[in-house]
Amino acid sequence: MGCELAQTRLHAYLDGELDATGSADFNQHLRNCPVCAGALEEEEALRQGLQQARLYSRAPAGLKLRIAESLPGIRAQKSAGLGLISWRWFAVAMALLLAAFVGWRQLSIGNQRTAAVVAAVDAHLRSLQPGHLADVQSTDQHTVKPWFDGKLDFAPPVRDFSSADFPLLGGRLDVIEGRTVAALVYGRRKHFISVFVEKAAPDTSWSGSGEAQGYHWTAWNKDGFTFCGVSDVSSADLNRLKELFIQE
Amino acid sequence: MATDVLNEDDRSRFEAIVMPHLDAAYNLARWLLGGRNEAEDVTQDAMLRAYRFFNTFHSGDARAWLLQIVRNCCYTWLQKNRKWVDVDELDDASVPREKETPETLAISLNDRERLTRALEQLSPHFREILVLRELEGCSYKEIAAITSRPIGTIMSALARARQQLRVLLIAPASKEARLGL
């Protein structure tokens, strides 16, 4: 009885940590190994139980405020005195102003792609405000997809990935840098993922991946569309959703 | 070293990069410490520490960086309050495999109370790794960074944590003896 892989590789497979080849190999193994197939079922049941039990504890509302108030900032150092010292502060302020101006110039001259990513992250943040998550709330891709009809000059690809634990929650319209784009909303445990979709265009689209304002983002292209996923889930989870879109 | 002279730019950068992970910080503290009050205090403490050491964070995974600090603060608190004897349970492979009764397990899995209790009964090392993976959605690489363990050990540690959780779900009564608490 037993298969060594049930205690090792099975878990990397379950957690999406195997690369494409490793994953395909293990799929093959699952077909021939009833021990691993049974163990996988058990592990998936355990995971489902953990995730459905709403065990995540969000920080109480007052805590954030308390922390913000207790951070020692420059505001707390005002008692430094006046007179000569204020010239030093004036010089510092001027230097900061200059640095900010140079930074701003570089940002504005710099590539539009950065701005597009920032706009996408902002749009995601906006959507997290109460009541802004989705204009059409449905887990059914056949409800969400027609909702976009006539609202955009393209038909965004809408897919539900519930089977991979990325349930479709709905869709909405967002304006990114003056262009109307489709936003698909997915759930991942207690977190939300916005996937922005627009027609691919060489100069304005998102590309690459990274972190901005504490959120991960990743962009990809498929079938003439550019996608940009934004969320506070791990980059591994975000990449998994990207793979699902690409494999579709 | 830490510095107290973070300027306004640093502060807004901290608020933009680190503060969004407050929920993650609190959730980890809550599961490691048990009580809500303790979790609030230690989270606040950890946030202040993170702020003081913010100039040591250059770029990369802000959540993992913060959670590493939170974890350290939690363990310091646990040791100071004698809630936990420092034994590295991950090295202890002797988890007795009980005869599994699938029906009991299936019932337990649908019972939030029992799941919570079983998770709380796990040793901190197993508990944190499950919380990071299943509730926080961290990758192995992130878990390795947060818990200061080699990435190669994360997979087998998760395997044992899940196995032990299952055992606790089936036979919650005998846990003290097993975990030596």
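Helices here are DSSP runs of H or I with at least four residues, strands are runs of E with at least two, and both are numbered from the N terminus. This is a predicted model in which local features need pLDDT of at least 70 and side-chain atom pairs count only at pLDDT 80 or more, while totals for chains, interfaces and linings use all residues. Residues are numbered from 1 along each chain as its sequence is written, chains are lettered from A in the order in which they are written, and side-chain values use heavy atoms, without hydrogens and water.

Both chains contribute to the cover of H8(B). Just after H8(B), B:Ser148 takes a positive phi of about 50°.

In chain A, strand S3 (residues 179-188) is largely enclosed by the rest of the structure, because 8 of its 10 residues are buried. S3(A) runs antiparallel to strand S2 (residues 168-176), joined by 8 bridges; two strands pair if DSSP finds at least two bridges between them. One bridge pairs A:Leu173 with A:Ala182. The S2(A)-S3(A) hairpin has 2 residues between the strands, and A:Glu177 takes a positive phi near 50°.

S3(A) is also antiparallel to strand S4 (residues 191-199), with 7 bridges. Here A:Leu184 stands opposite A:Val195. This hairpin has 2 residues between its strands, and A:Arg189 in the turn has a positive phi of about 55°.

Notes. Buried means under 20% relative accessible area, exposed over 50%, partly exposed in between (1.4 Å probe, protein chains only).
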